[in-house]
Amino acid sequence: MVLAVSSQRDSAVLASADPSLVQLVHASAATQGSSVRTVSQADDLRARWREAGAVLVGADLAEAVASLGLPPRDEVYLVGVPDACERLCRASMPLRGVVVTLPDGARALGRILSGAVAERAFGQVVAVLGGAGGLGASTLAAGLALAARRRGPAALVDLDSAGGGLDLLLGAESASGWRWDALRAASGQIADLDGRLPTVDGVPVVAISRSDRREVPAEAAAAVIDGLADAGGLVVVDVGRAGGPAQAEAIRAASRVVVLTGQ
């Protein structure tokens, strides 16, 4: 159903004709005491593209919306089940949107619908992904964080448990401070991490532990990334290629996603 255009700014609009996805999104909105307007065809999104507080694009319409050539805007989120992740990621580049998979991403979606993401003094999060090994994603992530530090606060987060470790890459493997083995139980809102992490040229680094190379829990990844972002500046996340829940949390939190691909 296409709702009539209102002169008021919508808190969120969802473009999807998938009944199960629409139900999931509206249920999440209900828990936040907010509402979502729904359009069932890609072209119906044109009238609401600029006025909506947040735009949610369902996996079923993602490619069609991406083909519309709509002007860039903030707060665009591509929503679907994990099986649709590849389709969502393809559309995320032209739409400059963040991928949210459900039901695992219900927490992130709730924050989006409550307006918490837009209202926070939230630092920028950049997620760096390598399409294959050996492309230099970790080097790029480290370089971005170090370069950003010249202009303001920056932090570096390592989620690539299969890699050599960002602290090793930066020559800080012997530096004291908390690594993921000390942060695995983190959840919710965490206290200021300033002074508790290994630091390289003014950049705090959350590195994979040498003694515990298990995948980082999704809740811990979300808590640490959010905590660093709350401090402002730039948070660069080396996502790796595992594609697990923690990596999905990093991509959901990211305002920009950089994907390195080989020829």
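Leu156 has Val236 as its bridge partner in strand S10, and in strand S9 its partner is Val205. This pairing comes from a predicted model, whose chain averages a pLDDT of 84, with 88% of the residues scoring at least 70.

Strand S7 runs parallel to S10 (residues 234-238), and five bridges join the two. S7 also runs parallel to S9 (residues 203-206), this time with two bridges. Ala154, Leu156 and Asp158 point one way from S7, while Ala155 and Val157 point the other way. Five of the five residues of S7 are buried, so the strand is largely enclosed by the rest of the structure.

Setting aside residues up to four places away in sequence, Asp160 touches Ser138, Ile208, Arg213, Asp238, Val239 and Gly240.

Next, the nonpolar cores. The largest one has 51 residues, and Leu45, Trp180, Leu228 and Val237 touch the most other members. Helix H9 (residues 218-230) supplies the largest share of this core, seven residues. As for Leu228, its contacts beyond four places in sequence are Ala155, Val157, Leu193, Leu197, Val206 and Val235. A second, separate core of 19 residues includes Leu166, Val200, Val203 and Leu260. In soluble globular proteins, nonpolar side chains tend to be buried together.

Buried in H1 are Leu21, Val22, Val25, Ser28 and Ala29. These residues lie on the same side of H1 because they cover an arc of only 130° around the axis. An α-helix has 3.6 residues a turn, so residues three or four places apart point the same way. Pro19, Gln23, Ala30 and Thr31 are exposed on the other side of H1. The buried residues of H1 pack against four strands and a helix, namely S1 (13-15), S2 (37-39), S3 (55-58), S4 (76-80) and helix H4 (106-114). Just after H1, Gly33 takes a positive phi of about 70°.

Key:
Residues numbered from 1 in each chain as written. Predicted model: local features only at pLDDT ≥ 70, side-chain atom pairs only at ≥ 80, totals over all residues. Heavy atoms only, no water. Core = buried A, V, L, I, M, F, W, Y, C linked by side-chain atoms within 4.5 Å. Buried < 20%, exposed > 50% of the residue type's maximum accessible area, 1.4 Å probe, protein only. Contact = heavy atoms within 4.5 Å. Arc of directions from axis to C-beta. pLDDT = per-residue confidence, 0-100. Pairing = 2+ DSSP bridges.
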